Amino acid sequence: MKSLISSPRMIIRICPCRFCRLKLMAFSLASFFSLGSVQADTPLGWINSANMAAYTTTRGEFEISLAGLAVNDTIDFLNVRDDLLVNNRTLVGDSGDLIGGKFEIHYGVTETLAVFYRQQQHSLTVDLGAINSINLIKIDDSLETLSQSAGIKWTFFQGNLLNANNRHSVASLELTAYANKSDDFDVVLDEIQLGNSTITFRDPQTFSVAELEDEGWKARLVYTWPVLQTTIASIWAGYGESEATSATTSDLTEQSIKNIFEQSFSLDESILYLGASIVVQITPRMPLMLSYEYLNKSDSKFEQIPANPPSGLPGFLTAANQSKEDDNHTLNARISYWLTPKLHISLTANLYSHQFLGSLPHYNNPLSGSFSSLPYGLLVLNWGINSDYRVKNT
């Protein structure tokens with residue numbers, strides 16, 4: 001019995017061209033790693049997509065999951081959404097609300113090699129309060145984000161092969177390429193105050209936080225071992241690199257005024273990952289997973305063009321809101337239940353010390369950068385299915 005996460009709804013979209021390049025690179029390594037001779041398998045009842053561990057999906061087997069993600073005033077894990085509003089005066093109303101879906105698939109190419117693909121699409125509410133320096137006509141109220149990742153997991157060591165419960169000690173290498181992109185966030189106005197001057201537009205003009213995207217890669221070494229007959233523990237360490245961009249633009253036609261509001265930002269970072277997890281089989285049908293991961297950013301290279309923009313720009317058009325935090329602590333708790341030997345349902349609570357810092361690098365932008373300094377939590381409802389399809393030898 002094996003499986004992975006699932007969810008109420010999810011729309012699969014064709015990946016952007018930048019990501020295609022990364023995904024192709026990740027999957028092209030599969031043929032090399034498939035030469036391994038270790039006969040890896042997962043324990044009975046394992047949910048591979050739901051747990052960070054060294055186990056790989058069995059050869060010829062699909063694990064597919066769908067997940068629904070939500071945060072609102074009713075679903076507010078540890079009240080972190082309310083705390084976000086209290087600690088950020090520029091955000092009001094439903095800011096911090098999130099709704100979205102996630103699709104994930106794992107496939108066992110061989111007994112030692114699995115490939116995977118994840119896609120998440122969500123809407124994060126950003127409800128800005130009164131902006132004294134502008135006369136507002138219309139404003140977007142959310143960041144619409146598409147995240148994609150693909151990779152391979154290769155088992156290069158396995159011990160305890162004679163364990164009757166198939167709870168082996170396993171070491172694996174996981175390689176992942178990812179790309180994240182958000183739609184432009186638009187503000188329509190007909191008057192703006194710039195320092196001591198006021199600029200009035202005959203027709204309303206659109207100002208945007210744009211070019212919100214990032215891409216990167218990460219590699220992790222994972223070791224998993226049986227602690228008790230019903231308990232499995234894992235530890236991991238990893239390293240990755242990311243490149244993120246954002247910009248402020250407008251649809252002004254007068255070039256001399258347009259240049260005042262045109263900026264671009266880029267951020268290159270190296271990221272270190274350290275983590276541990278434990279999975280306890282409470283009953284044969286009910287596994288519980290607890291995990292912790294520490295993420296640290298280093299070698300950050302931030303570039304702003306122009307280097308010295310005009311003073312007096314509204315906050316959402318400046319780099320002042322960007323977070324200066326360098327680390328993120330994440331806690332995850334998941335309880336699952338096998339409805340049938342091939343179908344399970346799970347509920348997951350995620351808590352971040354600094355929202356999606358490091359997970360969605362481009363969120364550290366003039367608009368939503370202040371989020372990255374604050375704690376955040378969300379709930380995920382998963383539905384998972386195990387195909388139990390095995391490739392037959394010919």
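Reader: How many cavities of 30 Å³ or more does the structure hold?

Author: Heads-up: this is a predicted model, where local features need pLDDT of at least 70, side-chain atom pairs count only at pLDDT 80 or more, and totals for chains, interfaces and linings use all residues. A cavity is a set of points, on a 1 Å grid over the protein atoms alone, where a 1.4 Å probe fits but cannot get out. Cavities of 30 Å³ or more in this structure number five.

Reader: Which residues lie nearest the centre of the largest cavity?

Author: That cavity holds about 1200 Å³ of space, counted as the space filled by probe spheres set on the points. Its lining (residues with an atom within 4 Å of a point) has 44 residues. Those nearest the centre are Lys102, Arg118, Lys218, Tyr352 and Ser359.

Reader: Which residue is the bridge partner of Leu228?

Author: Let's find the strands, which are DSSP runs of E with at least two residues, numbered from the N terminus. E10 (residues 197-228) and E11 (residues 231-250) pair in the antiparallel sense over 19 bridges, where pairing takes at least two bridges found by DSSP. They form a hairpin with two residues between them. Across in E11, the partner of Leu228 is Thr231.

Reader: How many residues apart in sequence are the parts tied together by Phe62 and Tyr107?

Author: Rings of Phe, Tyr and Trp (its six-membered ring) pair if their centres lie within 6.5 Å; planes under 30 degrees apart are stacked, over 60 edge-to-face, the rest tilted. The count here comes to 10 aromatic pairs. Phe62 and Tyr107 make a tilted one, with 4.5 Å centre to centre and 35° between the planes. Phe62 lies in E3 (residues 62-71) and Tyr107 in E4 (residues 98-108), so the separation in sequence of the parts they tie together is 45 residues.

Reader: Why is the pair of Phe265 and Phe302 stacked, and what are their relative accessible areas?

Author: Their ring centres are 6.2 Å apart and the planes sit at 20°, so they count as stacked. Buried means under 20% relative accessible area, exposed over 50%, and partly exposed in between (1.4 Å probe, protein chains only). Phe265 is buried at 4%, while Phe302 is partly exposed at 41%.

How values were computed: Residues are numbered from 1 along each chain as its sequence is written. Side-chain values use heavy atoms; hydrogens and water are left out. On a 1 Å grid over the protein atoms alone, a cavity is a set of points where a 1.4 Å probe fits but cannot get out, and a pocket is an open set with protein on both sides within 12 Å along at least five of seven lines; lining residues have an atom within 4 Å of a point. Helices (H or I, at least four residues) and strands (E, at least two) are DSSP runs, numbered from the N terminus.
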